[in-house]
Structures are given as structure tokens and as C-alpha cells.
Amino acid sequence: MIVGTRKPFEEIKSYVNGCEKILVMGCGTCVSVCMAGGEKEVQLLASQLRMAFEKEGKKVQVDEETIQRQCDREYFETVKEKIPQYDVVISMACGAGVQMTAELFEDRVIVPALNTTFIGVAEGEGVWSEKCRACANCLLAETGGICPITICPKGLVNGPCGGTNHGKCEVDKDKDCAWTLIYQRLKTQGRLDAIREIHPAKDYRVQTTPSKIVHRAYEEKEEA
Amino acid sequence: MAYDPKIVAFCCTYCAYSAADLAGSMRLQYPPTVRMVKLLCTGKVEPIHLMKAFEAGADAVFVAG
């Protein structure tokens, strides 16, 4: 899932100073799971804003809304009448959700409340770690299911390099050496021969920005 | 005028609330500005409950359980 963290309160507030009607809008999918931009976080941010404005003696209306997904236009059906009534919408979605909202409501100011951080997994309660850099050319079959592009700070496709140090990386001694992890995983699987294979230089041409995918079944529709 | 803070107390029914009840039976006194909210378990308390209490004008909030 996509993992994000909330921006500092003062930064968020600076985006909406001077506005009289504010909607804080959460997203019920990834950022809800990582406790950054779901319904509960919307309630907290809205409450903080109301109190901050009241303390300043300003009369500001701060409302709350959370939709299932901000990266999918069909979920905006329930808020399409509501959003135009506000001066500004604070989107608590990831960067994709903020942009979808901004695209659908072009005449409204949409501002982000989160910093979108990575694609990752939940390691335990309240802990997430990055696992994928969406490089569009997956190597996991050859690396024992451990991504060297993400886990190796150098993103090496062949390793380990000379900087591996007792399972840690020379770049940051708190970080695991991805290629040591890969070695151990392949050893567990009895596939150590795989590490001898030299992978060609990664084709970064497939990692274009912005990427776009049209499912085959929908190609005609897209062209029409 | 003396500062008389409004305090909201979220209390677990099985311990803190029972203690408050016992305080009552023992005729022990505490300020009337302490408002108690009885919960089946304080594990249910969410940050928003505390924020709502502050929004409603509480000067202090505590959770006892």
C-alpha cells in the first residue's frame, strides 16, 4: 500500500489561513490503514483547526468528510455537490488522491495534508517499511523476493558490493545490506546459484514519468 | 477571580469509576468542575474524544482506567 505521514500542523494551517469554509477530506484506503489520512485523522485535524482558529478569534467553518478512495473518480459521487461549497479542501489522501480531487474540482483550491512517502508493507502495529519503488521492471523472481532496487540504498542489481559490512550497508549502518538478505534467502531456498548470475544493467527507459497503463480490454475504448 | 478549571475525566467503569463511587460513599469531596464520563473500558478512548472535550471548553482532560 501507499504510506504517508501527516505534515506538521502549522504547515497545513498556513495553506488555509484566510479561508472561511474548509473541508477536511480523508481517504479510506491506504492512508487510512497507515493511520495518516483516514476518518480518525480527519476528525483530529478538523478538531485541531477549529480550536486553533477559535483561539485566534476567527470564525471559520471546518467540516469533515471521508470517501472510500480519492484515486478513483466514482467515489467522488457522494461529495460532488458538497466540495464546491468550500473555499478550500484539505485532502488527507496520498499525492495521487490530492491530484484526482484537484482535477475533478478545478475551480476549488485543494491542498495536501500528507507527505506521501513510499509503497510498503506493515511490519507490525504502527510500523511500515518501504518495499517497492515501482520501477516497472520487477526483479523479484531472481532475488529471492527481496527487492535490491528498494532495499539496497545503491539500488544495485548485482551484489553485494564492497560496502557490505556484517549484513549492514556502508551508506547507513542501521540499514540492512539487501544483497546479504538476498544471499541468505537464496541459501534458505537452496538456490544460491542464482546469485552468480550477472544481471544486465537495468533498463530505466521503462520507468518513464508520468507512466500510464491502459488495460488491453480497454484499449479500443481509450482510442475512441 | 480564582482559576477554576473545567476537567473532564474519562473513567473505566471497573476501576476509576468504582473508585469515584467509593469516594462518594465515603463522603470524600472533589471539585464539582470535574465531570466524569463513564466508559466500559478506557481502551475505547480515542484521541478524538479528548479533542472533543477540549473543543467543548475543557481546560484539562484525563483518562483513568
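This is a predicted model: local features need pLDDT of at least 70, side-chain atom pairs count only at pLDDT 80 or more; totals for chains, interfaces and linings use all residues.
Which side chain meets that of A:Lys40 in a salt bridge?

The partner is B:Glu46, with a distance of 2.9 Å from N to O. This contact crosses between chains. On one side, A:Lys40 belongs to helix α3 of chain A, which covers residues 39-55. On the other, B:Glu46 sits in the loop of chain B between β2 (34-39) and α2 (47-55).

Over all chains, a search of the whole structure returns 17 salt bridges.

One of the pairs within chain A is formed by A:Glu103 and A:Arg73, whose closest N and O atoms are 3.6 Å apart. This pair links distant parts of the chain, the two residues being 30 residues apart. A:Glu103 lies in helix α4 (residues 95-104), whereas A:Arg73 lies in the loop between β3 (61-67) and β4 (88-91).

A further salt bridge joins the side chains of A:Asp176 and A:Lys168, at 2.7 Å from N to O. Here A:Asp176 is partly exposed at 35% relative accessibility, and A:Lys168 is partly exposed at 30%.

Finally, I draw your attention to a network in chain A: A:Lys13, A:Glu56 and A:Lys58 are connected through salt bridges that share partners.

Key:
Residues are numbered from 1 along each chain as its sequence is written. Chains are lettered from A and ligands numbered from 1 in the order in which they are written. Side-chain values use heavy atoms; hydrogens and water are left out. A salt bridge is a side-chain nitrogen of Lys or Arg within 4 Å of a carboxyl oxygen of Asp or Glu. Helices (H or I, at least four residues) and strands (E, at least two) are DSSP runs, numbered from the N terminus. Buried means under 20% relative accessible area, exposed over 50%, partly exposed in between (1.4 Å probe, protein chains only).
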